[in-house]
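Hi,

Here is the structure I promised to pass on.

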Amino acid sequence: MEEIKKYIAKELSKVLLNKYNIEMTLEEIILMLEKPKDDNMGDIALPCFKFAKVLKNSPMNIANQINENLEIDNRISKCEVVSGYINFYTNSEKLCKSILENIIHKGNKYGYVNVGKGQNVTIDYSSPNIAKPFHLGHFRTTIIGRTLYNLYNELGYNSIGINHLGDWGRQFGLVIIGYEMFKDEYDIEKDPLHILSEIYVRINKLAKEDESIFVKASDNFKKLEEGDKELLALWQYFKDVSMKEYDRIYKILGCKFDSFNGEAFYNDKMDEVVKILDKKGVLVLSEGAKVVKLSENEPPCIILKSNGSTIYATRDLAAVLYRSRTYDYAKSIYVTSYEQIHHFKQVFEVSKFLVDEKYTKELVHVPYGMVRLKTGKMSSREGTVVYLQDLIEEAIAKSKKIIEEKGTEVEDIDLLAKQIGIGALIFNDLKHNKIKDIVFDLDEVLRFDGETGPYIQYTYVRIFSLINKSGIDINTIKKVNYIFNEDEVKLIKLLDMFEDIIFETAENYEPSILVRYIIDVASNFSTFYNNNSILVEDNNIKEARLLLANSTGIVIKKGLNLLGIETPTKM
RNA sequence: GUACCUAUAGCUUAGCUGGAUAAAGCAUUUGGCUACGAACCAAAAGAUCGUGGGUUCAAAUCCCUCUAGGUGCACCA
């Protein structure tokens, strides 16, 4: 379709120049071209309103004039002027054949476009705080980040997934106090993370009443920073038990990371940050702390607290320095909730003093909205936190129940329930525009009808089953000898958009674009599938439709896999 | 106080680099399984696009006011 756009733009530019003496580049004209609202208004449209003012004529007249002077070959089957627009109808017979043959030719590589040329993109995501169970609040960063990870690989970049563990800071000084105080009351080994987080809540409460506990926590953290062996051993224990649980969660979600260098990793790398900032003369003393002032009215970015300890911004800055050197990234993405917008704005601003412009201009914060419960905000103090492990188990159990109610021919129901349950969880989340808050309701998430994960998976299963039943080896069909009908043309043109959609999704850091597209594909396939018989038709028709089904299957499978959702072949 | 984000059908949302009749799903009403999986398809009904201004040939979309909700704003992460 892009080629045809270019062709139309080229022809238009000739008419504009000759008839009106308007000089426009192909790119400018392509930008003016749009997709008509309705499919029966053609494939490409040129609104002529902008010319009206310059030419002092009505858009309708101009459209007619341009249309009359336009010389176009058989790639376009029809041009029509409708209320100020010129609508172009592509010759879909040729177009559809070439689109389908291209998809079949590329197979499961369809969608891959090498725009990244192997450049590194770091994606900082998930990043839970250790010594606490993984909860629903970490879910969005994990699956949005993972989707971006897959997308950038698909675009020919080399994605580097970084789990910037929250494993450093005063809170661990506090946990240590709590641990020593309360450990004898628990059998920690039984469920370390839940117990540790309970201890954290208790000690936090005490500290609120007794300021000296916070002071001691800060001391502890200072000691950790200085390498106190005893305290570090405790810290290491917290980290080990945390990683054990996180690994389990990542495995079930299918997430992979190339690095688990968390905040503690940068402990010995922050001195250099301080030195560089100091040398550049931007580090100033303010209220006892060392800070970088960014603007007059705004509070500064704290680099060293008044007790000399570092703060999370210092660690993020050290990470920018380290990642620029280690990965020489073309882009560096941070996926966190919108609560941290201000923080990253500051960090990105200060990092201009640390690294080359090459590395600062592609620092990207990808913020997303909060997950809320029907009962309100999640709070560990209120005990209203939803742990992801529990949630996943519940989702799987509920899915299993629904599957059994609906009936299935699958033997391994547990596996299927896992694929569907987790798929539904991911799909529902990524379906929404990421910046919007989500009110979490498991019953809503696990609906199987309409725009849902199970619906897409079901569509895929039907495609798979159809091709199986045909008894034809799909790879032996190379040519299309058939003129596609309206349903088919619509679906094929949609499949043709896949590469653009992947690009757009990555460029906007917005997985919902891809999700919406997959819904559109599945829904169009279902319409086609309902209105057209396949297996009983003559060979030419049957083969063409099987190719179409197979191509749709390729796009759906690839699309879902990019989102981290599995595609069962039976349900 | 100030900055940023959000507000579209009963519910959940899409559309937001301005363009043709505001698009889906759920729920509601109705029709379709002796063709390949009905977890499906089709039809009907359902919208003062939060309010009030402004810019424009054209505003859900851009600018301003106000309202409601959310989030951030110096030693937590």
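I'll start with the RNA. There are 75 residues around RNA strand B, and those that come nearest are Phe-49, Gly-169, Asn-433, Gly-450 and Ser-533. "Near" here is a C-beta criterion: the C-beta atom, placed from the backbone, has to lie within 6 Å of the molecule or strand. Helix 18 (residues 453-470) gives the largest share of that surface, with 8 residues. Split by class, the surface has 32 nonpolar, 24 polar and 19 charged residues.

Two caveats before you load it into anything. This is a predicted model, where local features need pLDDT of at least 70 and side-chain atom pairs count only at pLDDT 80 or more, while totals for chains, interfaces and linings use all residues. Residues are numbered from 1 along each chain as its sequence is written, and chains are lettered from A and ligands numbered from 1 in the order in which they are written.

Now the overall picture. Chain A has 22 helices and 12 strands, taken as DSSP runs numbered from the N terminus (H or I over at least four residues for helices, E over at least two for strands). Its C-alpha trace spans about 85 × 65 × 40 Å along the principal axes. Of its 571 residues, 39% count as buried. Buried means 20 or more other C-beta atoms within 10 Å of the residue's own, exposed means 12 or fewer, and partly exposed is in between, with C-beta atoms placed from the backbone. Taking contacts in chain A between residues at least 6 apart in sequence, 74% join residues at least 24 apart; a contact is two C-beta atoms, placed from the backbone, within 7 Å.

What about the core? The largest nonpolar core has 86 residues, and Leu-100, Ile-123, Leu-148, Ile-492, Ile-518 and Leu-563 touch the most other members. Helix 22 (residues 539-563) supplies the largest share of this core, 11 residues. Apart from it lies another core of 23 residues, including Leu-165, Trp-168, Leu-174 and Phe-238. A core in this sense is a set of buried Ala, Val, Leu, Ile, Met, Phe, Trp, Tyr and Cys residues joined through C-beta atoms within 7 Å. As for Ile-492, if you leave aside neighbours within four places in sequence, it is in contact with Cys-96, Ile-99, Leu-100, Phe-484 and Leu-548.

On to the strands, where pairing needs at least two DSSP bridges. Three strands form an open antiparallel sheet in the order 1-3-2. Strand 1 (44-47) and strand 2 (76-82) are at the edges with a single partner strand each, so one side of each has no neighbour in the sheet. Strand 1 is joined to strand 3 (residues 85-90) by 4 bridges, and Ala-45 sits opposite Asn-87 in strand 3.

Further along, strand 6 (residues 283-286) and strand 7 (residues 289-292) run antiparallel, joined by 4 bridges. Leu-285 has Lys-290 in strand 7 as its bridge partner. The hairpin of these two strands has 2 residues between them, and Glu-287 takes a positive phi near 50° there. Strand 7 also pairs with strand 8 (residues 301-304), antiparallel over 3 bridges, and there Val-292 has Cys-301 as its bridge partner.

Two other backbone spots are worth a click. Most residues other than glycine have a negative phi. Lys-56, not a glycine, has a positive phi of about 50°; it is in the loop between helix 3 (49-55) and helix 4 (59-69) and is exposed, with 7 other C-beta atoms within 10 Å. Ser-127 has a positive phi of about 40°, and its loop runs between strand 4 (120-124) and helix 6 (139-154). Ser-127 counts as buried, with 22 C-beta neighbours inside 10 Å.

Lys-109 counts as exposed, with 11 C-beta neighbours inside 10 Å.

Cheers

How values were computed. Nonpolar A, V, L, I, M, F, W, Y, C, P; charged D, E, K, R; others polar.
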